[in-house]
Amino acid sequence: MPDLLTHVLIGYVVGTLLAFRYEWMRPAHVTLVMIGALSPDFVKVKLLVPDSIVATATGVPFSWSPLHTLGGSAVVILLGSLLVSPENRMRAIGLFGIGALTHHALDFNLLTPTGYAYPVLWPLVQSHLPAPNLYLSSDRWPALVAGLAAALVWVVSQRRAAARQR
């Protein structure tokens with residue numbers, strides 16, 4: 001659970017910082033970054049519908065695992081962008097993509113038993129790159145740091161909004 005929370009909080013921080021920079025960004029755009037930050041974890045649908053059930057139903061080998069790679073994120077982002085109006089689709093793809101990149105950047109730093117990261121760049125590169133091994137996905141301190149950063153960004157955004165109204 002700290003892992004999921006951390007991804008959402010970092011998505012909020014990055015989205016809000018982008019909103020500071022780009023005037024056209026509204027809270028809905030920050031939400032798109034936060035959703036994008038969650039998109040690689042759509043792989044967890046396998047907890048509800050295991051690979052074997054899909055393979056049995058379709059008759060072909062199947063795995064949800066590619067959803068947690070760069071290629072899988074691209075597919076999820078492109079499919080998700082179809083839910084947005086055509087005039088906003090390119091922005092949505094960009095914001096979803098930024099969020100997904102934050103997710104992959106955080107997960108790339110995970111501590112693994114092998115010392116190598118998951119194939120994050122699949123299908124571009126199939127090899128497992130050496131991971132920095134900074135933390136476990138169950139560690140609470142990344143969520144704490146992300147929470148503090150989100151609180152700081154929220155306070156700054158509230159002050160900026162109050163200053164604009166004066």
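**Helix packing around α5**

The axes of helix α2, residues 27-38, and helix α5 come within 6 Å and cross at roughly 45°. Axes here are lines fitted to C-alpha atoms, for helices over the stretch in contact, with angles running from 0 to 180 degrees between N-to-C directions. Helices are DSSP runs (H or I, at least four residues), as strands are (E, at least two), numbered from the N terminus.

Before I continue, a word on the basis. This is a predicted model, in which local features need pLDDT of at least 70 and side-chain atom pairs count only at pLDDT 80 or more, while totals for chains, interfaces and linings use all residues. Residues are numbered from 1 along each chain as its sequence is written, and side-chain values use heavy atoms, with hydrogens and water left out.

The crossing of α2 past α5 is right-handed, that is, the near helix is turned clockwise from the far one by less than a right angle, anticlockwise being left-handed. Contact means heavy atoms within 4.5 Å. On the α2 side the contact involves His29, Leu32, Val33, Ile35, Gly36 and Ala37, and among their partners in α5 are Phe96, Gly99 and His103. By class, this contact has nine nonpolar, five polar and no charged residues. Ala, Val, Leu, Ile, Met, Phe, Trp, Tyr, Cys and Pro count as nonpolar, Asp, Glu, Lys and Arg as charged, and the others, Gly among them, as polar.

I turn to the second pair. Helix α4 (residues 70-81) packs on α5 (residues 89-108) at an angle of about 150°, with the axes 9 Å apart. That makes α4 roughly antiparallel to α5. Here too, the crossing is right-handed. Residues of α4 including Leu70, Ile77 and Ser81 meet residues of α5 including Arg89, Ile93 and His104. The contact of α4 with α5 has seven nonpolar, five polar and one charged residues.

Finally, the record. An unreviewed UniProt entry lists residues 67-85, 92-121 and 141-157 as "transmembrane region"; its positions follow the numbering used here, feature names are shortened, and annotations may be inferred rather than shown by experiment. In the model, residues 67-85 are 63% helix and 0% strand, with end C-alpha atoms 24 Å apart. Residues 141-157 are 100% helix and 0% strand, and their end C-alpha atoms lie 24 Å apart.

Terms used:
Angles under 35 degrees count as roughly parallel, over 145 as roughly antiparallel, 65 to 115 as roughly perpendicular and the rest as oblique.
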